[in-house]
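Open the model in your viewer and keep the selection panel at hand. The tour below goes stop by stop.

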Amino acid sequence: MEMWREGDAGARIGEMKARLDALGYDCGAGDAFDRQTAWAIRWFRRQNGLADGECADAGLLARLDSDGAVRGVPGEFAYYSMEDPLWADYPYDAANTPEIERMKDSACGPTSMAIAVSSLLRRAVLPPVLADWSNAHGFRDPDGIHGTSDAFFPACAERYGLYAERVEITGPESFARAEAELAAGHAIICNVVPGSPFTPNGHYNLIQRIENGRIHICDPNPKNASLPDYTIGEWLDGRWGRRYEIIGRR
C-alpha cells in the first residue's frame, strides 16, 4: 500500500482527515496532507500507541478505522507541555532575533490556548499548530521581547468558534469572577508578570480552580508543577497577575 506524507493530496487523504476529524483530531479541512495534518497524525500515533511519525501508513489507517481508536482528547481535560518531546524543539521564532526560539522556551501563549481550546471542545488542537498560526498572523513579537501578544487569544478563540473576554486583575472581585467563570465551565488564561513565582520574564498559564481562597494553576511549563497553591492575598499583594482571558463557548 502507498504511504501518504506531507505534500500529498487527494480524495483518499480527505477521507482519512474526515475520520481523524470525527475522532477529535484537529487536522483541518480539504484533501491536502499539510503541516496541520502531519501534527494530527503524530498525535493520533501517540494516543494510540503507534510509533512516532508523520506519515499515514497501513498500520495507522487500520487503527484509524478500528472500533478501538482512541479520541484526540479522551477525557474532560487536555494538558500539553511546552517541553513535550513531540514539539519541544519546534520553532516558535521571533523574526528579528539572531537565535531560533523554540516551543519549549517561548510558546506558553499558544500552549495555554491549546489546553483551553482542546478542553472546551474535547478536540486535540495542538500547541505547534497554534504557534504556527500565531506567527502567520503577526501575534508573535518579532523582536522576541514580549512573546505572544494578548490579541492572539480573542483572535484564536474566534477561529475555533469560541469567545474571549479580557478581565483586568484589580482586587478580590477579579478572582471571585474567575471562580464563577470556572464553575460555569469556562477556561481562564492568566498573564503573569516577571518576578512572580511562575516566571522571570513574563508568562501565560491557566487558572484551573480556586478553592478555599487558594489558586490552583495549570502551567504549560512543567517546571512550575511543584509550586504551591498560593492564596488570593499572595497574588494581590505580589501583583503577580496583570489580567486574564475568559475563554468560553458561544
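Start by selecting Glu181. It is buried, with a relative accessible area of 12%. Here buried means under 20% relative accessible area, exposed means over 50%, and partly exposed lies in between (1.4 Å probe, protein chains only). Keep in mind that this is a predicted model: local features need pLDDT of at least 70, side-chain atom pairs count only at pLDDT 80 or more, and totals for chains, interfaces and linings use all residues. Residues are numbered from 1 along each chain as its sequence is written, and side-chain values use heavy atoms, with hydrogens and water left out.

Glu181 forms a salt bridge with Arg177, the closest N and O atoms being 2.8 Å apart. A salt bridge is a side-chain nitrogen of Lys or Arg within 4 Å of a carboxyl oxygen of Asp or Glu. Both residues sit in helix H8 (residues 172–183), 4 residues apart, about one turn of the helix. Helices (H or I, at least four residues) and strands (E, at least two) are DSSP runs, numbered from the N terminus. Arg177 is partly exposed, at 30% relative accessibility.

Next, select Glu6, Arg35, Arg42, Asp52 and Glu54. Salt bridges that share partners join these five into one network. The structure holds 16 salt bridges.

Move to Lys223 and Glu83. Their salt bridge brings the closest N and O atoms to 2.3 Å. The pair links distant parts of the chain, 140 residues apart. Lys223 is in the loop between strand S4 (214–218) and helix H9 (232–238), Glu83 in the loop between helix H3 (58–64) and helix H4 (103–106). Lys223 is exposed at 57% relative accessible area, while Glu83 is partly exposed at 31%.

Then pick Lys104 and Asp89. Their side chains meet in a salt bridge (2.8 Å, N to O). Lys104 is in helix H4 and Asp89 in the loop between H3 and H4, 15 residues apart. Lys104 is partly exposed at 34%, and Asp89 is partly exposed at 46%.

For the last stop, show helix H1 (residues 11–22) with helix H2 (residues 35–47). They pack at an angle of about 55°, with their axes 11 Å apart. Axes are lines fitted to C-alpha atoms, for helices over the stretch in contact, and angles run from 0 to 180 degrees between N-to-C directions. Which residues meet here? Met16, Lys17 and Leu20 in H1 meet Thr37, Ile41 and Phe44 in H2, where contact means heavy atoms within 4.5 Å.
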